[in-house]
Amino acid sequence: MPYEAEGDLKFPLVSILRLYIFKLIKGFKTYELLIGYLRKYEEEAFQLGLFKNEDNILEIPPKRTFNHYLQTK
């Protein structure tokens with residue numbers, strides 16, 4: 001898994017921050033619209049630091065995890 005040096009975090013903080021900035025720049029009003037966009041354009045998700053799991057499925061943090069990172073980190 002990428003970024004194991006950051007402890008047991010499944011999603012590195014830098015990826016969450018990139019995702020947040022990307023959401024602001026692209027003007028997505030909801031997290032669901034952002035997720036839909038990233039699932040359609042996976043290459044952009046990879047550039048933000050997201051990755052695919054062993055089953056070749058794009059790993060995107062759930063909304064709750066995304067909000068938790070932004071509130072606590």
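User: How are the helices and strands defined here?
Analyst: Helices (H or I, at least four residues) and strands (E, at least two) are DSSP runs, numbered from the N terminus. This is a predicted model, in which local features need pLDDT of at least 70, side-chain atom pairs count only at pLDDT 80 or more, and totals for chains, interfaces and linings use all residues. Residues are numbered from 1 along each chain as its sequence is written, and side-chain values use heavy atoms, with hydrogens and water left out.

User: Where is Glu59?
Analyst: Glu59 is part of strand E2.

User: Is Glu59 buried or exposed?
Analyst: Glu59 counts as buried because its relative accessibility is 13%. Buried means under 20% relative accessible area, exposed over 50%, and partly exposed in between (1.4 Å probe, protein chains only).

User: Which side chain makes a polar contact with the side chain of Glu59?
Analyst: That of Asn53, at 2.8 Å. A polar contact is a pair of N or O atoms within 3.5 Å; within protein, one must be able to donate a hydrogen and the other to accept it, and residues adjacent in sequence count only if both atoms are side-chain atoms.

User: Now Asn56: where is it found?
Analyst: Asn56 lies in the loop between strand E1 (51-52) and strand E2 (58-59). Its phi is positive, near 65°. Most residues other than glycine have a negative phi.

User: Is Asn56 buried or exposed?
Analyst: Asn56 has 53% relative accessibility, so it counts as exposed.

User: Changing topic, which residues of H1 are buried?
Analyst: Ser15, Ile16, Leu19, Phe22 and Lys23 are buried in H1.

User: And what follows H1?
Analyst: Gly27 follows H1, with a positive phi near 80°.
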